[in-house]
Amino acid sequence: SLLCSLAASRRSSNGISMYSTSALFNQRDLLHNVALTHQLELLGYEVFLPQRNGFQEAALEAELHRQPSLNQSQSQVELAKQVIIYVCDLGLFIPSANYTVVCLDEPLDGGCAVELMRANALDKPVIGWRSDVSTPFGTLKGPTGGAHWFPMFHTDAVVWAMPGVVKTVEDADKMINETATKLHEAIASTPTRGDVSHTDSLVAAADLLFAGLDIRNVGDPANIPQVVQAYVTHHQQLMQLLPTGVPKTPF
């Protein structure tokens, strides 16, 4: 299967891979995600980062608009884009990684919440990290530091990375370094559950969409035409992933 070939191709000096999930909708999030990933990779981890290894929405949408079978319908293009990204993150990256690392800062991103539950359901260890001093669900002195306890209780370990004084680039670099080190220590004390054979519908969908592609650059623009063609070819099977009530315009 696709996942077997991916497992054999991981590039990590310590043999451990992780899926890193966090909000990625502004410069602050994007910069922090890249900086933390860089430090984790220096520690020897293979990191699957959606904003880097996944799909850029604009490039994906442009290729989808070129598909005659979509009839240039924005609704069909939007649906196709959503399905491809959904299957990539939940059917490819998370099942392929040894660990999922999730940011628990406020407001908790809805995608992150689903992804930590997905990893949990696949019996993949989840390491949460929190650097937020806001307390919408309690106090800093409470057991969850003011965070909502539902997602936190679905992690295997929580890293507290509270911000210190950051006035310079050097201060920021030190802070990121400390967070990466704490995550490294949490992973070291949280054993993997072994290689589990996953055969659920999302993994099967990933096999259809991304067959033969390297997980490290699956979202590369050069791969997008192949992925879009696979979506068109396997449209009926992929639509079975969606709930009743979601528009599913046939080709």
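Which side chains meet in a salt bridge at 2.6 Å, N to O? Those of Arg-216 and Asp-214. By salt bridge I mean a side-chain nitrogen of Lys or Arg within 4 Å of a carboxyl oxygen of Asp or Glu. I'll come back to that pair.

Okay, ground rules. This is a predicted model, where local features need pLDDT of at least 70 and side-chain atom pairs count only at pLDDT 80 or more, while totals for chains, interfaces and linings use all residues. Residues are numbered from 1 along each chain as its sequence is written, and side-chain values use heavy atoms, with hydrogens and water left out.

The overall picture, then. The protein chain has 11 helices and 5 strands; those are DSSP runs, H or I of at least four residues for helices and E of at least two for strands, numbered from the N terminus. Of its 251 residues, 46% are buried. Buried is under 20% relative accessible area, exposed is over 50%, and partly exposed is in between, with a 1.4 Å probe and protein chains only. Take contacts, meaning heavy atoms within 4.5 Å, between residues at least 6 apart in sequence: 74% of them join residues at least 24 apart.

Now, Ser-22. You'll find it in the loop between β1 (17-21) and α2 (27-42), and it's buried, at 15% relative accessible area. Leaving aside residues up to four places away in sequence, Ser-22 touches Asn-33, Cys-103 and Cys-112. With Asn-33, the side chains also make a polar contact of 3.4 Å. That term covers a pair of N or O atoms within 3.5 Å; within protein, one must be able to donate a hydrogen and the other to accept it, and residues adjacent in sequence count only if both atoms are side-chain atoms.

Back to charges. Side chains of opposite charge can pair when their charged atoms come close. The count here is 9 salt bridges. In the pair I opened with, Arg-216 is buried at 18% and Asp-214 is partly exposed at 27%. Salt bridges with shared partners also join Glu-57, Glu-61, Glu-78 and Lys-81 into one network.

Then there's Arg-130 with Glu-106, closest N and O atoms 3.0 Å apart. Arg-130 sits in strand β4 (residues 126-130) and Glu-106 in the loop between β3 (99-103) and α6 (110-121), so this pair ties together parts 24 residues apart in sequence. Arg-130 is buried, at 0%, and Glu-106 is partly exposed, at 25%.

Last one: Glu-63 and Arg-66 form a salt bridge at 2.9 Å, N to O. Glu-63 is buried at 12%, whereas Arg-66 is exposed at 56%.
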